[in-house]
Each structure stands twice: as C-alpha cells, then as structure tokens.
Amino acid sequence: MSCSMIFKEVKTRRIIVRALSVLFLFLIAVMLFLGGKGHSLLIDNKTVEIGGKTYRELNVVEVKIGRGKEEEMLKKDRIKIETAGQRQVITVTFPGDDGNEKIIKKTFRIKLNEPMYLISLPALIGDADGWLVPFR
Amino acid sequence: MLKKDKDNVIKFLETNLVPILFVIIIAFALPLSGFSIRYLFNEIIVRLVRNLFLVLALLLPIMAGMGLNFGMVLGAMAGEIGLIFITDWNITGLNGLFLAMILSIPLSVLLGWMCGKILNRAKGREMVTSYILGFFMNGVYQLVVLYGMGSIIPIASDSIVLSRGYGIRNAVNLTGIRQSLDRLLPVKIGTTLIPVATFALIAILCLFIIWFRKTKLGHDMRAIGQDMAVAEASGIDVAKTRIISIIISTVLAGFGMVIYLQNIGTMNTYNSHEQVGMFSIAALLVGGASVNRAKIGNAILGVVLFHLMFVISPMAGKNLIGQAQLGEYFRVFVSYGVISISLVLYAIRKQRDRTRAGIALADAQEVPE
Amino acid sequence: MTFLNRIIEKTGWPRLIIALFLLSLFIMAPFAEVKIGTSLSDTLIRFGMNGIMVLAMVPMIHSGCGLNFGLPLGIIAGLLGATITIELGATGTSSFFIALLLATPFALVFGWGYGNLLNRVKGNEMMIATYVGFSSVAFMCMMWLLLPFSSPTMVWGYEGVGLRTTISVEGFYLHALSNIFAVRIGTFLLPTGMLLFMGFICFLVWAFLHTKTGTAMTAVGSNPVFARASGVNIDRMRTISVMLSTWLGAVGIIVYQQSFGFIQLYMGPFYMAFPAVAAILIGGASVNKASIMNVLIGAFLFQGILTMTPSVMNSIIQMDMSEVIRIIVSNGMILYALTRVKKGAH
C-alpha cells in the first residue's frame with residue numbers, strides 16, 4: 001500500500017511542478033505583452049478650445065516621454081513619439097510667465113487597445129481635462 | 001612509441017579532415033578576396049551572434065544518437081510564427097523578443113514531439129526522415145501562414161498581410177525588435193560593435209548544455225547514443241528519451257531563429273527557415289563534428305570557418321575568374337560537399353566498425369578443436 | 001467486408017486518399033468549367049514526361065539501395081548529352097536520339113562512380129544519395145559557367161562565356177517524340193510517340209529484370225544472404241543497378257525536355273529526385289519493393305493531381321493552393337514510406 005502511495009507522490013509532484021512552470025511562463029508572457037505593447041503619442045503645440053476655454057500655444061517648449069530624447073517644439077508643431085507600455089511619464093519644460101523655467105511632470109495611463117493618442121501641450125499646461133485623447 | 005604517435009596523428013587527421021580542408025581553402029581564398037582583416041573580423045562577430053545559438057541546438061540529438069537533426073527547421077518555423085504574432089500585436093523591444101520566444105515554446109514542443117515520434121518509427125533512417133519532414137512541414141507552414149493567417153487566424157495589423165486580404169507578406173519588417181538584444185550591452189572594439197548581451201545568452205546556452213550532460217537525462221541520452229540495445233537493456237525508456245532530445249533541440253532552434261532574425265531585422269516569411277537548417281548543419285560539420293559526436297568547440301569553430309568561407313567566396317571567385325557568380329556557386333557546392341563528405345566518412349567508419357565487430361565476434365566464437 | 005479491409009491494408013491509407021482525391025477532382029472538373037479533354041491530355045503529357053524518371057527508381061529499389069535521391073546525377077548526364085548535341089548543331093528528330101547516345105557514356109561513368117560510393121556506405125544510402133545529388137548539381141553550376149561551349153543559342157548574349165540558365169530546344173528536338181503518331185480529338189491531344197517510347201523503355205526494364213542479371217539484382221535486394229550463397233557478387237549487382245538507374249535518369253530528362261521545350265541548367269535539376277520518388281511511392285512501391293506497375297500508376301496519379309489541382313481548385317475555392325498541396329502530398333508520401341517498418345527487417 002505504501003509503495004503505490006509514494007509513487008503517486010512523485011507523479012503528483014511532477015504534475016504540480018509542470019503546471020506551475022507553465023503558469024509562470026504564462027505570467028511572464030502577459031507581463032512582456034503589457035509592458036511591450038507599442039503605442040504612438042502625437043504631441044501638439046497648437047491653440048485649442050476645450051469646454052469654452054482657450055489654451056494658447058507656446059512659442060517654444062521642450063517635451064520628453066519617459067527617459068527618452070528631449071524634443072523641442074515651436075508654435076503649431078506636432079511630433080510623434082513611439083513608446084511602449086501602459087504607464088507613461090511626460091515631462092514638459094517651458095518658460096513661465098515670470099521668465100523662469102517651469103517643469104511639469106505628469107504620469108498617465110493609456111489603454112491597451114488604443115494604438116495612438118493625441119496630447120495637447122497647451123491643454124496639459126493649462127491643467128484642462130481633455131489634454132489626452134485617443135486618436136482615431 | 002613512434003608508431004603510436006604516428007597512429008595518433010593519422011587519427012587526428014581523420015577526425016578533423018573537414019576543418020583542415022576548410023582552413024586550407026580559406027588560406028588560399030582569403031588573400032584573393034581582398035577583404036581587410038577588420039572587415040572580416042566584423043563579419044565574423046555578426047555571424048557568430050546570428051548563427052551560434054542555432055548550431056548549438058543541434059548538439060543534443062547528436063548526443064542521443066539521432067544524427068543530424070534536419071528537423072530543427074520545425075523549431076525555426078515555430079520561432080517565426082512567434083515573431084509574426086508579436087509584430088501583429090506591436091510588441092516592441094526586448095519584450096517582443098522574449099515574448100516571441102515564449103510563444104514559440106508550445107508550438108516547438110508540439111512539433112518536436114511529433115518529429116520525435118515519427119523518427120522513432122524510422123529507426124536507422126532518422127536523417128533522411130527528418131530531412132523530408134522538414135520539407136513536409138514547410139508545406140504545412142505555408143498552409144497556415146499563407147492561407148490561414150488573416151482568414152481563419154485573426155491578424156489585426158494590415159501592414160503584414162498581403163493585398164489580397166489573407167496570408168502574411170513575403171517580407172516582414174521586425175523594426176520593433178530589430179537588434180534589440182544585440183544593442184542591449186554594446187561594447188566597441190575598434191570599429192566593431194560586439195553584442196555582449198547576445199553572447200551572454202549564447203554562453204548561458206553553453207552552460208546549460210554542459211550542465212545537461214551531467215544530469216540523469218543527459219547520461220541516458222549519451223547511453224542511447226553509444227548503444228541503443230545496451231541502453232534499452234539498462235532500463236532506459238529509449239523511445240521517450242529520444243523524443244525528449246528532439247523536443248529540446250526544436251525549442252532551442254525556435255529561440256535561435258528569433259535571435260537570428262532580430263539580428264537581421266527583417267524576416268523572409270517563406271524562405272528564412274529553409275537555408276537555416278542546411279547552413280547550421282554544414283557549419284557544425286565544418287567545425288569537426290560528426291554524425292555521432294559533436295562538442296561546443298565544433299560549433300564555434302564551425303561557424304567561424306563556414307561563414308568566413310561564405311563571405312570571401314564571391315569576391316575570391318570574381319578576382320580569380322572574373323565572375324562573382326562562380327564564387328557564389330562555389331560556396332553552395334562547398335556547403336553541400338562538406339555534408340556529403342562528413343556523411344560518407346561517418347558511414348564508412350560505421351561499416352568498418354561493424355565489420356571489425358563482426359570479425360571479433362566470429363573469432364570469439366571459434367570452437368577450439 | 002474483410003475483402004475491403006484487405007484492400008485497404010494492402011494499398012495503405014495515403015494512397016487511397018490520393019486516388020480518391022484525384023477521382024473527386026475529375027468529377028468536379030465539369031462543374032468548375034474545366035474541360036476534361038484538356039485536363040486528360042495534360043495529365044497524359046506530364047505522365048509521359050516524368051514517367052521514365054520515375055522508372056529510374058526501380059533498379060535501385062530492387063537491389064536494396066533504397067530510393068534514388070541521387071537522381072540529379074543521371075539528370076546531369078542527360079543535360080550534358082543535350083547541351084553537347086546542341087553544340088554540335090544536330091537538329092530535327094534525330095537530334096533526340098543523338099542526345100540519348102551522347103548522354104549514355106556520361107550516365108554510365110557517373111553511375112559507376114556513384115554505385116561504388118554507395119557500396120561503401122551500405123545502410124546510409126539514401127542520405128548520402130541526396131547530398132551527392134545536391135553536391136553534383138552545385139558542382140555543375142560552376143561547370144556550366146566554365147565549360148567551353150560556344151553555340152550562340154546556348155551562351156549568354158553579351159560576354160559569350162557560360163551557358164544560359166534555360167535553353168530552348170526549339171529547332172532541335174522539341175516535341176520530337178510527342179508529335180510522332182500524335183492523335184487529336186477535339187481538345188484532347190494524345191502524345192502517342194512519347195507514350196510509345198516510354199512504354200518501350202518500361203518494357204526493356206521489365207525484360208531486363210527477368211534476365212539472369214536482373215533476377216540476381218532483385219535477389220541482392222530482397223535476400224542478400226541467398227544471393228551471396230548463390231555466388232552473386234553483391235557489390236557488382238548494386239553498381240549495375242545504380243548505373244542503370246542513372247542512365248534511365250538521363251533518358252528521362254531528355255524525354256522531359258522534348259516535351260517541356262527547354263533545357264534547365266544550374267539549379268534546375270536540384271530537387272528533381274523528389275517528385276519521382278513520391279510518384280513511385282504513391283504507385284504502391286516501398287523502400288525495398290517496386291514494380292513497373294507501381295511506376296505507371298504512381299506517375300499517373302501524381303501528375304494527375306499536379307495537373308488537376310490548380311485548374312479545378314482555383315475555380316471552386318478561388319484560392320491557388322496547388323503549390324502547397326504538391327509539397328504536402330509528395331513529401332507526406334515519402335514520409336509515410338520511410339516510417340513503414342519492413343517486415344522481417346535484417
């Protein structure tokens with residue numbers, strides 16, 4: 001009796017180990033998927049009107065996504081930055097009203113199934129609601 | 001003492017005939033080609049990075065006595081399918097690369113299992129069978145990728161689908177993962193960029209192979225490789241172990257294909273895997289391996305020598321005869337010739353051993369009068 | 001019921017499936033608006049074109065050398081005969097026979113060397129045959145560039161050095177055989193000459209197999225111990241079978257060319273062994289047993305599928321899967337044959 005019980009132990013152990021490894025691989029795959037899914041971010045430096053208020057474009061502004069390259073944008077510019085993952089950080093550097101340099105850093109999440117988003121810098125700086133919208 | 005030394009020298013020449021031949025050919029053709037050492041060094045590094053993983057995938061089946069695993073093409077196809085999916089889902093960077101590898105695993109296991117089962121039914125003819133199986137699966141692959149994808153298997157990205165609405169395009173741009181592993185830890189020697197990260201991965205594979213040989217499974221495989229009957233008698237499940245060796249080889253081939261393609265950056269959907277099998281096997285044989293014995297050193301030496309010859313042949317041909325085409329045909333001829341010579345040497349040696357064993361057996365059975 | 005079971009067991013599932021598939025293609029043809037007349041004559045033409053190369057498999061299977069994956073060697077002999085014939089300027093129907101004549105010494109020499117090689121590697125013939133075939137095609141690729149041919153129809157235009165990849169046989173022996181006694185009924189063209197020639201060669205091989213040498217050859221393959229005991233030189237028989245097989249390959253490619261219209265050099269012959277191997281296996285042969293009947297049935301079935309699939313399936317499914325089907329059918333057939341355990345294996 002005890003012999004077959006020991007045998008079963010090894011067999012079940014093997015099945016558990018295999019199931020756990022498959023699960024482990026699957027979880028890693030999901031993590032890779034979420035972290036690696038590419039998105040395009042269109043960044044606008046144009047005057048926009050949201051909810052009745054007008055947000056003016058800036059003469060010159062620098063923007064970077066995550067730890068990427070600093071991109072300089074002039075009036076009416078639009079640039080495209082490729083990025084991956086759902087959690088993004090945008091850093092905006094621009095000359096403030098008082099002449100000093102102001103830096104705004106915002107963390108935002110984008111949806112998995114939207115390949116492209118539109119960011120309006122004036123709206124972001126003016127702290128409006130709709131500064132980040134999916135681009136269709 | 002002298003006779004033993006002479007025997008040793010002859011034995012050395014015999015086992016290493018092919019690499020020595022190759023060194024002679026290269027020594028002759030290298031100055032003809034006119035390439036600089038720096039250029040060749042760069043090319044060698046690139047090709048080592050690209051191909052070494054794939055060649056190493058061939059070692060286990062040889063250890064287990066299955067001969068040259070032409071079925072590694074199946075693993076390559078699995079890797080390609082993984083890459084098609086990550087390109088469709090737009091997974092970039094290292095994430096895409098490793099995800100493609102992970103995606104290839106279940107397919108590789110399935111294909112490797114099937115290949116192993118078929119090879120078990122063709123004992124004694126493993127090499128021809130795996131060779132034909134490669135062709136057969138190529139047909140199935142085309143069925144899936146050229147007809148199934150886009151129609152039955154949903155593909156979201158239009159850029160990789162043919163204009164008729166289904167089937168993947170001939171060339172898929174892997175811009176997302178291009179060189180992602182290679183450029184991870186770049187080290188420069190002179191003007192050459194050395195992809196340290198990829199080499200690290202290859203080194204991990206080497207360590208895995210060395211460790212594997214010492215495990216029980218590894219010992220079993222070596223026993224089967226040496227003598228199937230004896231292994232069977234010792235209680236080893238020969239059929240299952242053989243299948244496992246093919247499965248591991250196929251999975252590794254899948255990974256190797258992903259590494260290969262990330263280095264190139266573009267995938268020839270229908271042609272990339274065809275030559276991969278043949279060139280990997282030829283390279284391994286050029287490094288001095290044989291049908292039943294192969295070491296890591298063979299793989300490294302083989303890739304260097306084979307690809308060196310590959311690079312210098314066209315230019316050498318052009319400077320020698322005036323036609324680069326000749327050099328290109330020459331390298332094709334050498335690739336196939338190398339495999340032919342190795343196969344012939346192996347078969348002759350096997351027959352000689354068999355005759356010797358037969359004579360020894362007959363002698364042992366002689367009844368004294 | 002057991003009678004049916006016996007038939008199924010004897011023919012094997014893959015062959016039944018293929019035969020039924022072909023039958024269904026023929027039945028579907030009228031609905032797909034494919035003229036049966038043209039299809040049938042196309043099939044017969046391709047049958048005649050490829051038949052002799054399929055026949056080339058028989059001698060080596062009989063002598064135990066396995067499937068002749070090294071057929072390209074014989075094909076190269078045929079190519080040499082063909083190109084030299086054109087170089088010499090022979091034209092007309094007689095040029096066909098001149099090509100055969102010129103190819104023969106090459107085929108015999110190649111076959112002799114190839115046979116000796118195979119004798120040294122008993123047990124691994126098929127793999128080595130494949131790679132010897134490949135290596136020789138690759139070697140000839142270099143030779144086609146270097147050999148001193150000068151006929152303007154064959155050589156590259158500008159430089160005049162090296163042969164072209166495809167050479168037309170128009171004006172030489174194009175349709176030399178096919179047009180002999182050709183019968184035309186509406187859209188149906190029967191290449192009587194070619195079929196008669198093939199029948200003749202098949203008869204020659206059949207007769208040879210029944211001579212003393214031929215039976216010795218068969219004995220070597222089916223029962224080597226008995227053969228040796230009867231005083232037969234096994235190696236010599238094997239070499240003869242290889243030489244015959246190689247010669248048949250040479251004849252086969254020339255017959256193929258006169259129907260196809262072109263001589264294909266360089267990488268042309270590279271994969272040509274595989275359809276021939278698949279065809280004879282489809283016809284019922286195995287790695288160590290083959291008959292002339294296998295050749296005829298197999299070649300017809302195989303070429304039938306190759307001809308019918310594109311036309312019929314394209315009209316019905318609107319998808320051209322013919323290439324993929326060809327790959328799967330031919331290689332699947334070879335796989336099936338390789339994995340069948342022979343009864344009473346040595």
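This is a predicted model: local features need pLDDT of at least 70, side-chain atom pairs count only at pLDDT 80 or more; totals for chains, interfaces and linings use all residues.
Local features need pLDDT of at least 70 and side-chain atom pairs count only at pLDDT 80 or more, while totals for chains, interfaces and linings use all residues. Residues are numbered from 1 along each chain as its sequence is written, chains are lettered from A in the order in which they are written, and side-chain values use heavy atoms, without hydrogens and water.

User: How many residues does chain C give to the contact with chain B?
Analyst: Contact means heavy atoms within 4.5 Å. Chain B supplies 41 residues. From chain C come 47 residues.

User: Which element gives the most to the side of chain C that touches chain B?
Analyst: Helices here are DSSP runs (H or I, at least four residues), numbered from the N terminus. Those giving two or more residues to this side are α6 (93–120), α7 (125–146) and α14 (322–338) of chain C. With 14 residues, the most comes from α7(C).

User: How many salt bridges does the rule find across the interface of chain C and chain B?
Analyst: The rule asks for a side-chain nitrogen of Lys or Arg within 4 Å of a carboxyl oxygen of Asp or Glu. The side of chain C that touches chain B has 32 nonpolar, 9 polar and 6 charged residues, with Gly counted as polar and Tyr as nonpolar. Across the interface, the number of salt bridges found is 0.

User: How many residues of helix α1 of chain C are buried?
Analyst: Buried means under 20% relative accessible area (1.4 Å probe, protein chains only). Helix α1(C) spans residues 2–11 and is hardly covered. Among its 10 residues, the buried count is 0.

Notes. Buried means under 20% relative accessible area, exposed over 50%, partly exposed in between (1.4 Å probe, protein chains only).
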